[in-house]
Amino acid sequence: STAVAGDQVWELGAFSRISSWEDIAQAARESDQRRANQEQRSPLDGIPISIKANLAVADHPLTAGSRILGAFSNSDHNNHNVGYNAAVVQRLVEDCGAICIGITNMDEFGMGSLGTNTSNSKPTKNPLAYLTSPPPNAPEMTLAEIVKHDPSDILKAHQEQQQQDQTNNNNYAAGGSSCGAAASIAHGSSLIAFGSDTGGSIRLPAAWCGVVGLKPSYGRLSRHGLVSYASSLDTVGFVTPTVDCASMVLEELAADKSIPKDSTSHVYSTTQRNNKPQETITREEPTTHDSSNHPLQGIRIGIPAAFCVEECPDAVQKAWTQGANDLADAGASVVHLSHDIVSPEMIQQSLAAYYVLACAEASSNLARYDGFRYGVAAETAANDTNDDNDERSSLHRQYAATRTTGFGLEVIRRILCGTAVLSSDKFHTHYEGAAKLRALVTRQLHNALETHVDYLLIPTVVSPPPCLDEEAVDSTAMFANDIMTVPISLAGLAAVSVAPDTATVDGVVGLQLVGHRLDEERLLEVARYLA
Ligand code: GLN
C-alpha cells in the first residue's frame, strides 16, 4: 500500500527521502520469513515506520531539514550517509524488526509550528484536507458509469478537481515541526513516525492531522542521534494512528536494555551513575481499575482554567468539554483548577520564556555549523576580498557566506535572538528572567500534579490548522500557537495529544493529557478514553 501511495506522498511533501525499494522489499521479505518460522523479533516486526530528518538513520544523510547539512542537495559530496542509527531507530529497526520506509520532512532544525520552514519552499500539506478528491483509480462513479467513459476523461476530471482543490485553498498546514511525521501517519504511509518535540513539535502536528502524538517526559527516551535544537527541552517521541499503537511502541522501547548514550537519559542516570537498577515508578498507583464500567474510577483529571486563553475558538472549547465528559463517563473525577493553582500570567509568560531559552540554546548548539567542522561550506568568490584582506576577515567572510546560504531565515532570526539574550547586557534581564519563569511554571505544574490531581487535560492547539496561502501564514501567530504546549515542555512533563473525531479539517483540534515524569504508560492507559 505504501508503493501505491507513493505519488500522493510526494504531493503531500511528507517525506524528504524514501528508502530504496530494494532495501524495503528485502527487509519485508526477511520479516515475512521470520513470521513464517515463528521467529518474529517483536510485535512490530515488519511494520513500516518513518523517521524525522533530525534523527540519525545509518543509510541516509542526516540533514535536520537544513541546506547547511546538505538537505535538498543533489551533490554526492553533500549527501553522505550518517553511518549510525539513533538510539530509538536502533531499537525499533535493528532489534524489533520494524522497516524504515523513509525520512520525513520537518521545519529546519525543528524551528517552526506550521511545517513551512522547510527551506525548500515546499511545506507539508495536511492530508485531512488535501486528499479530498479521489485518486484516478478510485473515481466517485459506479462501475456502470466508468465503463461508459474513456479513461482519459476520468483522469482529466480528476486533474480538474485537484486544480479546483488548490484554488479552494485546500492546502492546510500539517503543523510543525514534525510535519512529515504526522502527515505520514494521517496519510497511512507509515504506522509509527519518530519525531522530536522541543516545545510542541510532535503534539501540534498530531493534533492538526487528527492522529496521536506522544511527547515523553524529558530524559525518558535517549536523545542519542538527535540533532540538537535546545538541549534542555529536546525530547524524542512518536506519532501513531491510535493510543493503543503508541502503547505498543512504548512497551518495545521500554524493554530496551542497551546503554542510552545520553547523559540526560533517566536510564543512564540511574544505571550508569549510581549503578542501581533502572528506576521503577514508585509514586502511589492512582488507578483502581475496577471491573465495572468505570475503569478510571479514583483518577482525578485537572482542568486548569489558566489554559482557557482568549484566542480559543468554540471548536477548541467544545472539544475540551467533550474530552472532560468522556473521562468522567469512564469514572474519572474532573477537578477544575483555579488561577491560584495554575496562574494564567505564568502560562502567558511561559511562551516568552520558552522562546528566550530555546533561542539561547539554539545559538550555542548551531555555532558548530561553520562549514569547517560541520556543515556544507559555501564557496566565497575569489575576488570577494574588499580592502581588508587579512586571514581573519577572510575566515569571517567564509563563515558568513556559509551561514547566509546554509541557514533559512527563521533559523538566522533565532540565532540572532539567542545571541542577543546571551550578551552581557541582556543576560540578567532576559536569560535569567526566563530561567526563573521556567522554574516557577515547573513548580506550579508539578504542584498541581503532586497535590491536586493525577493528570491535566488541556487543548493542544489554540485553533484548527491555518490555510497555507502566503498571506494567511504570519510568523507572530505561529509563535502564539505554542502556548498550550510550551509550558509542559518547560516543566519536562509527559503529554500525549489525541485528536477527537471531526468531520472537516477546519474543525480539527487536539487535546493533551499531561502526566508526571516517567509516567507515560499510565498516561496512555487513561488517554484511551479520550479517543
Ligand atoms: N514551535 C516551537 C519552536 O519553533 C516548537 C518546535 C519544536 O518543538 N521543535 O520552537
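How many bridges join strand E9 to strand E11, and in which direction do the two strands run relative to each other? In this predicted model, 4 bridges link E9 (residues 455–459) with E11 (residues 511–515), and the two strands run antiparallel. They belong to a mixed, open sheet of 11 strands, within a protein whose secondary structure comes to 18 helices and 11 strands.

**Confidence of the prediction**

- The pLDDT of the protein averages 86, and 80% of the residues score at least 70.
- Over residues 1–5 the pLDDT falls below 50, and the model gives this stretch 6 contacts beyond near neighbours in sequence.
- A further stretch, residues 276–283, stays under 50 in pLDDT, and the model has 11 contacts for it beyond four places in sequence.
- For the complex, the predictor reports an ipTM of 0.98 together with a pTM of 0.88.

**Overall fold and the sheet**

- The protein has 531 residues, of which 47% count as buried; among its contacts between residues at least 6 apart in sequence, 80% join residues at least 24 apart.
- The strand order across the open sheet is E1-E3-E2-E4-E6-E5-E10-E11-E9-E7-E8, with mixed pairing.
- Strand E1 (15–18) and strand E8 (333–337) stand at the edges and each has a single partner strand, so one side of each lacks a neighbour in the sheet.
- From one strand to the next, the twist averages 25°.
- Within the antiparallel pair of E9 and E11, Ile458 has Gln512 of E11 as its bridge partner.
- Helix H11 (residues 314–329) lies across strand E7 (300–304), E8, E9 and E11, and runs at about 155° to E9.

**Ligand surroundings**

- The ligand is surrounded by 13 residues, the closest being Gly110, Ser113, Thr198, Gly199 and Ser201.
- Sorted by class, this shell holds 3 nonpolar, 8 polar and 2 charged residues.

- A cis peptide bond, with omega of about 5°, joins Gly176 and Ser177, and Ser177 is found in the loop that lies between helix H6 (151–167) and helix H7 (179–187).
- H7 itself is mostly covered, since 9 of its 9 residues are buried; among them are Cys179, Ser184 and His187.
- Just after H7, Gly188 takes a positive phi of about 95°.

- Gln38 lies in the loop between helix H2 (21–36) and strand E2 (48–52), whereas Ala64 lies in the loop between E2 and helix H3 (87–95).
- Is Gln38 buried or exposed? Gln38 has 6 other C-beta atoms within 10 Å, and because a residue with 12 or fewer such neighbours is classed as exposed, Gln38 is exposed.
- Is Ala64 buried or exposed? Ala64 has 26 other C-beta atoms within 10 Å, and because 20 or more is the cut-off for a buried residue, Ala64 is buried.

Methods: Residues numbered from 1 in each chain as written. Predicted model: local features only at pLDDT ≥ 70, side-chain atom pairs only at ≥ 80, totals over all residues. pLDDT = per-residue confidence, 0-100. Contact = placed C-beta atoms within 7 Å. Near = placed C-beta within 6 Å. Nonpolar A, V, L, I, M, F, W, Y, C, P; charged D, E, K, R; others polar. Pairing = 2+ DSSP bridges. Axes fitted to C-alpha atoms, helices over the stretch in contact; angles between N-to-C directions.
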